[in-house]
Every structure is written in C-alpha cells, then in structure tokens.
Amino acid sequence: WNVIWEIMKLVGSLTSPFVRKVRIVLAEKRIVYDFDVDIPWESDTRVAEHNPLGKVPILIMDDGTTLYDSRVIVDYLDSANPVSRLMPEFNRERSMVKRWEALADGISDAATTIFLERKRPESLQSTEWISRQQKKAMLGLEVAARDLGDKKWCEGNVYTLADISLGCTLGYLSFRFPEMKWRMFPNLVRLVDALEERASFIETAPKE
C-alpha cells in the first residue's frame, strides 16, 4: 500500500542518531521525502536558516513550516499517517514508549557531546566533562538492558518507536565509540540484531 503524501524535506546528517530515527520512521510509514544532507558544524551549513538552535533533524513541510527536534517530528509523522503506527494510542502505554525514547535520546546526547568535545583542540578538551558524559551513557545503557530484560521488544511486545530510538542510539555508539562496551549486554545485542534485519535500518546505517 503506497501512501500518497505531499513531498516534505528532511534536513540532517548521515551520522546523527536523531536524524536516523526520523528517517526510519519515514521509511516505516512509507512517506516519500527529499533528504538534504547538511552537517551543522561545517562552515557552509545552512541549518540555522531553518532551526535557530542550529541542530538537525529539521522537517520542512510542504507549506514551508519547519519542525525541529526529533521527538516533535516523529510525533507529527506518527499522528499524521495511519500506516504502521509506532506509538500506542493510550496514555500510559504511549508514555512508556516516550520514556524509552527519552532514555535513548539521553544516551545519544551524552555520546554526541563527547564527539563534539573531542573535535576541539586537545589542549581545550575537558577530560572531566568527557568522563561525566561517558558515565551518563553507561548508566543509561545499564537501565536500558535492565528494562528490556528477556523481552523481544522494548515495550508492549510489539515493534515501536522505543525500539527505533534505542536501535539508533546503539548503532551510533557502534559507529563512533567502538570502545563503549554496550555489547556486554546480550539482550541489547539481540535487539540490535533483529532491528538490523529491517530494510529501514539497513538503508539508514550511519556513514561519513
């Protein structure tokens, strides 16, 4: 079933876990869109023209209205299109999926903070700040593994935005931080192995 959708534009990078989350939601919901690759920290970036905070992803809708922050964008996309709903309708179940998203995004936030800190001249880098972010990421991973337990999917025994969010985070860690040993948690490995068989994950794997 191919959904007819007015073409929107997504602005983002090929490495951001937040952009990847939106790209996967677009793929799962069969929404056609244009993808404009723009890296916020490069000198020729135009990201701030669409988002004053200078961050990606940005969704430019057909009337020129922009949405930014991945959570806002995926909320919009899931509600706007009935195909492959990725969030439960009822409040408690929906809140638990969004809680997973917040946890995954928090780990990604910590990891991207480390990445950007390491791009600064070595003499200006704060090892204390990096250690603090590493601790946040590891604590987040421990909680994710604990809460996943022996379940196939993160929430409600069905594939949801919770799994997409965590899968994007773990994919980003593998891409940027192979030294961050999240694979010590067998259930997280099992989840990622299942996710990486999906076309939406294969097509959006991070790359430079």
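Aspartate 105 lies in helix α3 of this predicted model. Helices (H or I, at least four residues) and strands (E, at least two) are DSSP runs, numbered from the N terminus. At 4% relative accessibility, aspartate 105 counts as buried. Buried means under 20% relative accessible area, exposed over 50%, and partly exposed in between, with a 1.4 Å probe and protein chains only. Aspartate 105 touches Phe18, Lys21, Ser70, Arg71 and Thr169, leaving aside residues up to four places away in sequence. Contact here means heavy atoms within 4.5 Å.

Residues are numbered from 1 along each chain as its sequence is written. Local features need pLDDT of at least 70, side-chain atom pairs count only at pLDDT 80 or more, totals for chains, interfaces and linings use all residues, and side-chain values use heavy atoms, without hydrogens and water.

Helix α3 (residues 91-118) also packs on helix α4 (residues 127-148). The angle is about 155 degrees, and the axes are 9 Å apart. That makes α3 roughly antiparallel to α4. Axes are lines fitted to C-alpha atoms, for helices over the stretch in contact, and angles run from 0 to 180 degrees between N-to-C directions. Angles under 35 degrees count as roughly parallel, over 145 as roughly antiparallel, 65 to 115 as roughly perpendicular and the rest as oblique. On the α3 side, the contact residues include Trp100, Leu103, Ile107 and Ile114. Among those they meet in α4 are Trp129, Ile130, Leu141 and Val143. By class, the contact of α3 with α4 has 12 nonpolar, 4 polar and 5 charged residues. Ala, Val, Leu, Ile, Met, Phe, Trp, Tyr, Cys and Pro count as nonpolar, Asp, Glu, Lys and Arg as charged, and the others, Gly among them, as polar.

Phe18 and Lys21, both touched by aspartate 105, are buried residues of helix α1. Of the 12 residues of α1, 11 are buried, so this helix is largely enclosed by the rest of the structure. Its cover includes β1 (8-12), β2 (33-37), α2 (70-80), α3, α5 (161-176) and α7 (199-203). The length of α1 (residues 17-28) agrees with expectation: at 1.5 Å a residue it should span 16 Å, and its end C-alpha atoms are 16 Å apart. The expected span is 1.5 Å times one less than the number of residues.

Helices α1 and α2 pack at an angle of about 5 degrees, with axes 9 Å apart. They are therefore roughly parallel to each other. Phe18, Lys21, Val22, Val25 and Leu26 of α1 meet Ser70, Arg71, Ile73, Val74 and Leu77 of α2. This contact divides into 7 nonpolar, 1 polar and 2 charged residues.

Alanine 199 counts as partly exposed, at 45% relative accessibility.

Most residues other than glycine have a negative phi, and most peptide bonds are trans. At 39% relative accessibility, arginine 30 is partly exposed. The peptide bond from valine 56 to proline 57 is cis, with omega near 10 degrees.
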